[in-house]
Amino acid sequence: MPDALMLPGLFGLCYFAFAALALSVERHWRDLVESRRGPPRRTVFRLRLAALLCMAAALSVAIRHDGTGFGILLWALALSAGALAVAATVTWRTRSVRG
Amino acid sequence: MKTAGQSGRLEGRAVPPRLRTAARVAAAVFGAYGFAWGLAAFGAELGAFAGMAPAEAVTASSLLALVVLPVASLWAFAVPRVTVGWAVLGGGGVLLIAASQFAGTVGQ
Amino acid sequence: MTAKKRKLISPALRAAMLWPHTWAGVTLGGLLMLIFFMGSLAVFASEIDRWMMPATRVGTVEAGPVSLDHAVLPVVERLAAGRAVRDWYVQLPDERRPVMALQVRTETGNAGGMATADGQLLPPVGTLGGTYFFYPLHYSLHLRAGFIGYWIVCFASVAMLAGLISGVIIHARIFKDFFTFRSWGQIRRSLLDLHNLTGVLVLPFHLMITITGIVIVLPIVLPAGVQALYGGDVRRFYDDALGNYSRPRSSIAAPLAPLDPMVAEARRLWGGGEPAVVFVYNAGDAASVVRINRALRDRISLDVQPVFFDGVTGQVLKYQPPGPVVATHRVLSGLHFAAFDHWPLRWLYFLFGMSGCVLIGTGMLYWMEKRRVAHGVKPGVGWRSVAAIACGSTSGLLVATLAMMAANRLLPAGIPSRELVEVGLFFLIWIGSAVHAAVRTRTDPPWSEQCTAVALLAAACVALNWITTGEHPIRAVASADWAVLGVDAVLALTAFAAWRVSRRLAQRPDPELSNLAKVTDHA
């Protein structure tokens, strides 16, 4: 995998993983998707499974590119970065929804 | 006055809350450190007994003691009775240190 | 939902953890802010050095290793200036520091300097820079006597660990509120949300960085094991653990063997890798010892794999790889040091270190807002003291740092002890900001004023770099001077952000007691 693609790919996977997790939380689903009811149980399961798969894929990308030690370290920190980015996105979108 | 979750009845005597808090803080700072000290010392002796190189034993026991340290400090606040906290941390620390001294002389 | 959920963490435990979490934060927040801020700067200490020492911006190192015998030894002679040399060491150039740094200990005093890779001695840099000021401030507060600085920093770090653990226990709805940041509405709720966010989402980093920081100096702050098995002889412990070696002078003069073959032998023993630091102990003596450390660019571990040579014969005296536990310790230490060459990781360390500052700062601000209700609109001396300390240790610290960097550009090169003048200015301005905060705190610390100062100083630093060195951002890009470009970019970003914050805060109305009493923290 070319160097230039690895990092955006890694962060992108982490971002999507946490985005899926965020949507599986009732409050954010109500704010961002539809406000009448929370996410159905099946959707929650699928979202969380998708998140898990994205995280696993991110770990694999990191280790393939940087080796075990650096790979795990980079993955762990990239997860936090992705989570922060998703929190910022959720805040921004929720603000514009609420007006 | 903010005091941590205390159901403490201390042998019928009314101990002022500030003193109790001070005792907890002392237990968290000094008692926990003493306990960690004892753990590191005794652990090092144990490691040496088990055949580890001395530098290895010292490092392993110190790392373990470091992990225990903040947990022990917080436990000093979580334990319902301060005296129990001091007994376990302070007393335990003294016991461990004594055990390590004993192990040191035996091992010679 | 008829069955009662069995809680993992009982309300009693949660309540018990609140007091130590709050008071550790309030009393040690300022110190921890200093540690985290300077630590974050230390990630880019070398880059800050390039910025503060323009003479060292010599571009990338040319291909080929530095010849110790031809390039380094003459510089040592020049630094010794005729005096008899006892010991000396050289930090060889690398990608981040394209010059070599030397320290020479002679019989009558020390001499230090920097030189280019081909052996040209540079004029004195006149500053301690990031590596010798910000970085030691981070781990020892520059208090060296009896390691007291290490003890204070480690005490605060253990408190930080306790704060992190207790914080997780206290957090009521850690998963439901995982992504929650209500940046609208009551400031108190926003502060708590941000505090929880930076605490939980970056928790692995905070735990790792705090515990590994203590691990590095563990034999010093928890010497129980060394006492037990080494009778307190820390030097002997380090000799065993890290493979160190030393011997006293013999007072018989003998010439130093060529150093370059020793470097080649070290590379062979390491199985590849570059030398980073070369020490010569007992120089000119029959008992001289040469130590060569390996560069850490390509690994996490802090194990420098030191090889010790006899200085006269060039024979290997000691090369001892560490045992598994010590090797683990070196990896843990390396996780903290981040000496590796991995730019995405370095930037993440910097960002997350700053997020630690946000964590600590929002905690202090939240406490201030919460107590403001109890103290009334006109708070008493206690609240005002904590508020002033909070201001002094956040915006005040930033003001002092930027002022020192600006002074670095403004002070003339020739003044004696220039580096101490810079340091003096740092502390003077820091104290000044604290006094300013103390004097101007009525219902609120003077955040807006200090943020304005931050913005002006940061912009001034960028401008001063341009004026005094002629290196503006476009030229930096053209000459691939990423270090200076990076520092200028962060300075510019700081100026912009501080300006926005100061404008926003200046417009904020004074807090009204009636509104404050109504807010609920977890609505």
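Read from the N terminus on, the elements of chain B follow the order α-α-α, and in this predicted model chain B has 3 helices and 0 strands. Of the 108 residues in chain B, 47% are buried. Among the contacts in chain B that join residues at least 6 apart in sequence, 72% link residues at least 24 apart.

A second topic is the place where chain C touches chain A, a contact that takes 17 residues from chain C and 20 residues from chain A. On the side of chain C, helix 6 (187–201), helix 7 (203–216) and helix 13 (343–375) each supply at least two residues, and the largest share, 4 residues, comes from helix 13 of chain C.

Chain C is itself divided into domain 1 (11–54 + 135–215 + 341–518) and domain 2 (55–125), and the centres of these two domains of chain C, taken over C-alpha atoms, are separated by 35 Å. Where the two domains meet, 10 residues of domain 1 of chain C are in contact with 8 residues of domain 2 of chain C, and on the side of domain 1 the largest share, 4 residues, comes from helix 2 (residues 45–52) of chain C.

The table sets out the kinds of residue on two of the sides described above.

| Side of chain C that touches chain A | 14 residues | 2 residues | 1 residue |

Key
Residues are numbered from 1 along each chain as its sequence is written. Chains are lettered from A and ligands numbered from 1 in the order in which they are written. This is a predicted model: local features need pLDDT of at least 70, side-chain atom pairs count only at pLDDT 80 or more; totals for chains, interfaces and linings use all residues. A residue is buried if 20 or more other C-beta atoms lie within 10 Å of its own, exposed if 12 or fewer, and partly exposed in between; C-beta atoms are placed from the backbone. Two residues are in contact if their C-beta atoms, placed from the backbone, lie within 7 Å. Ala, Val, Leu, Ile, Met, Phe, Trp, Tyr, Cys and Pro count as nonpolar, Asp, Glu, Lys and Arg as charged, and the others, Gly among them, as polar. Domain bounds come from an automatic or database domain assignment.
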